[in-house]
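Reader: I have this protein on my screen and would like a friendly tour. Please take my questions one at a time.

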Amino acid sequence: ANALDVLLRILDDGHIRCGWSVRGSGRKRRPTIYGPRAACCFTEMPLYALLDYTRARGDSALVDRYGIALLKRELFAAGARPVIYGLSHQHRESNTKCWPRMLHDSCGISEREQYRYVAMNLKNEYPIDWSHEREWRWADCEDKFDCPGLPVWLKNQFISFSKIILIVPTSIEAERLLDKLKLMRDAKTDGYDNPYQKELI
């Protein structure tokens, strides 16, 4: 799906779906999220830097000029944390042939926090460096939610956001999102009768 359709689906669902960020092809496909929990990924790049990054990548299938902005303090209160870029010693996995992908105990990151780990290596000929993304991640570590992700618009007792900004590149798309939000406000619930936070919409 294109980025606008994904954004509209997130609005419909009322939550940002967690994922495993699977990379590679064929037998080499594997998650880049470690540990037993899928995660939602965010960036704290300034908007101008995100737009520059989008242009530099030049592949709208990987990154595009659409987004959902939340206040960092509220995202932190909801349980999101900055990722851990690399280790102070060697990266080692406990079992590379099974799901989920787990770090070995010697890496020093508990199973509960492994979703935050991002591999990094600046020493070799083919460096791995994603630190420019200034990434944060959220995972439902305590199994609090019925939805498979971060409930942004869905009413719940654990998380609330006071402001949400939707980012789109054109005024026509902005109008389309406003129409969608009006429908959500009138409907009061998602397709499964889960109530929206009407005051937030």
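## A guided tour

Reader: Where is the place of valine 168?
Author: Let me first settle the naming: helices (H or I, at least four residues) and strands (E, at least two) are DSSP runs, numbered from the N terminus. On that basis, valine 168 has its place in the loop between β11 (164-167) and α4.

Reader: Before we go on, what kind of model is this?
Author: Residues are numbered from 1 along each chain as its sequence is written, and side-chain values use heavy atoms, with hydrogens and water left out. Local features need pLDDT of at least 70 and side-chain atom pairs count only at pLDDT 80 or more, while totals for chains, interfaces and linings use all residues, for this is a predicted model.

Reader: Does valine 168 count as buried or exposed?
Author: The cut-offs come first: buried means under 20% relative accessible area, exposed over 50%, and partly exposed in between (1.4 Å probe, protein chains only). Valine 168 has 18% relative accessibility, so this residue counts as buried.

Reader: Which residues is valine 168 in contact with, leaving aside its neighbours within four places in sequence?
Author: A contact here means heavy atoms within 4.5 Å. Once neighbours within four places in sequence are set aside, the contacts of valine 168 are Leu4, Leu7, Arg65, Tyr66, Glu173, Ala174 and Leu177.

Reader: What is the phi of serine 21?
Author: Serine 21 is found in the loop between β1 (15-17) and β2 (22-23). At 25% relative accessibility, serine 21 counts as partly exposed. This residue is not a glycine, yet its phi is positive, at about 50 degrees.

Reader: And what is the phi of arginine 134?
Author: The loop between β8 and β9 holds arginine 134, which is partly exposed, with a relative accessible area of 38%. Here too the residue is not a glycine, and its positive phi is about 45 degrees.

Reader: How far apart in space are arginine 55 and arginine 65?
Author: Arginine 55 lies in helix α2 (residues 47-57) and counts as exposed because its relative accessibility is 58%. Arginine 65 is 10 residues away in sequence, and the C-alpha to C-alpha distance is 9.1 Å.

Reader: How far apart in space are glutamine 90 and serine 106?
Author: Glutamine 90 is found in the loop between β7 (84-85) and β8 (117-118), and at 65% relative accessibility it counts as exposed. Serine 106 is 16 residues away in sequence, and from C-alpha to C-alpha the separation is 9.0 Å.

Reader: Stepping back, what radius of gyration does the protein have?
Author: The protein has 4 helices and 11 strands, and its C-alpha atoms fill a box of roughly 55 × 40 × 35 Å, taken along the principal axes. The radius of gyration is taken over C-alpha atoms, and the globule rule is 2.2 Å times the number of residues to the power 0.38. With 201 residues, a compact globule would have a value near 17 Å, which agrees with the protein's 18 Å.

Reader: Finally, what share of the residues counts as buried?
Author: Among contacts between residues at least 6 apart in sequence, 67% join residues at least 24 apart. Of the 201 residues, the share that counts as buried is 36%.
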